[in-house]
Amino acid sequence: MVEFRKIASFRSLEDFRDYVNAVGAGIPVPDAAAAAPSSFKEPFHYTSGITGRTTTLANRWAILPMEGWDCLPDGAPSGTARRRWLRFAESGASLIFGCEAAAVMKEGKANTRQMTITRETFEAIGTLREEMVKRHTSLYGGRPMVGLQLTHSGRFSKPNDDTRLESRTAYRHPYLDEKFHCTEKNLLSDGEVEGIIEKFHEAARLAQEAGFDFVDIKCAHGYLGHEFLSAHTRPGKYGGPFENRTRFFREIVEGIKKEAPGLDIAVRLSLGDMIPFQKGAGGTGEPAARPTNENPYRFAFGGDGTGLGFDFTEPAAFVKMAYALGIRMICATLGSPYYVPHIQRPAAFAVSDGYLPPEDPLLGAARQIHAVQTMKTLCPETVFIASGMTYLQEFLPTVGGELLRTGGADFIGIGRMTLSYPEICADSMAGKPLDRQKICRTFGDCTNAPRAGLVSGCFPLDPFYKVHPDGERLKQIKKRP
């Protein structure tokens, strides 16, 4: 088991910075925390490459899209989903990037209660969007820029039963097929892929009717849009060379531009990936295999062939291709929560279906930061939202402010941090001391509960979920051997 200091143990910025240097994380930590509020409060003038519209955003905080497990059976928002969205509004963030991961069709849902945008649900989703905007405006003035993430869960689809995968895959994977029990029967035909692309077009039209400023096409975390980017072994027009592996994405974008003119488009992109990890000795994560020069790992988009390192040549080419299509905003991330959670969301604690961190999670947060810094250097004209920084906890605003100040990113995004402490955005910009009792400590129950078929929320820290019936159920589940 890897030993490391927990973030909550640091009592000063100096103590934290010394530890960062000691472990070689290379995270940008300033000499004083005072710079953070001014960096976040700097307005940003965003011009869409699709619509030509310029929007002035009041600050540099962004709320990241998260996958909910608590919508109504048809995919319409529930009361708890409404509460979550209104807390996004109350955060003060001027960019609501994607709100929630909305499936474009039932078959692409990652769980039976995921939000799904259809002709039957879009009005309810639009009403909630309007309510969220009004709440933000009443508190802070101005208007946030709001998008909806569109996704198909692909390999991780569970549309009918939260205990049973109904995977749809882009290609045969040497490790994930075994892990998730996929065969030739799970492969999508070219005709089925074309049908899914049309569902993205339809979902974008509905999002536009619902009043969203943009849609975020999810190409991240091992879901279908991301999996196609590494489909080297897939035959036909959607696999093989880079041009074919990006065709799924391009056809989605080109169709949206035709069928929903005036709607802006952004992308949530896994800039790099790694070979799947599994539980090893003592429950600590370890690679499923050790690729060699003679047999490199080919299935990590943005990977260097070793399965453990990055090569950003193709991700940079993707970002430049997206720019040529008019896309100016990329939300950066890495890996997948399903097979490399320590890469995608560094945490001190293992989730129920995961493993103990094989490294100091601070190194995982540093990896996310270094990736977005690198891509901003390679593609300076693109607007980048940084993510994967929740593990920094009370030091997140300070490090995020320094990342903004030095030009390593244009916005700082938070996701699960908002479940327990959405006001961290407003508090940090006001220069208030952060409420340490609300700060996410990466306990993982926002994942453990849904994995057990319960609603999504922060059970350890949010008073609402502490007394929620599923809170007691989760406690009982965690006591089981």
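A disulfide here would be two cysteine sulfur atoms within 2.5 Å. C379 is also buried, at 0% relative accessible area (buried is under 20%, exposed over 50%, partly exposed in between, with a 1.4 Å probe and protein chains only).

Before moving on: this is a predicted model, where local features need pLDDT of at least 70 and side-chain atom pairs pLDDT 80 or more, while totals for chains, interfaces and linings use all residues. Numbering runs from 1 along each chain as its sequence is written, and side-chain values use heavy atoms, without hydrogens and water.

Searching the whole structure turns up 0 disulfides. Click C331 next: it is in none, with the nearest cysteine sulfur, that of C219, 12 Å away. C331 is buried too, at 0% relative accessibility.

The largest cavity has a volume of about 630 Å³ (a cavity is a set of points on a 1 Å grid over the protein atoms alone where a 1.4 Å probe fits but cannot get out; lining residues have an atom within 4 Å of a point). Select P65, M66, E67, Q344 and R345, the closest to its centre among 35 lining residues. Then colour α16 (445-451), which gives the most to this lining, with 4 residues.

Last stop: the second largest cavity, about 170 Å³. Pick P341, R345, A347, F349 and V351, the closest to its centre of the 16 residues lining it. Both α11 (341-344) and α16 give two or more residues to that lining.

Terms used
On a 1 Å grid over the protein atoms alone, a cavity is a set of points where a 1.4 Å probe fits but cannot get out, and a pocket is an open set with protein on both sides within 12 Å along at least five of seven lines; lining residues have an atom within 4 Å of a point. Grid points are joined across faces, edges and corners, and a volume is the space filled by probe spheres set on the points.
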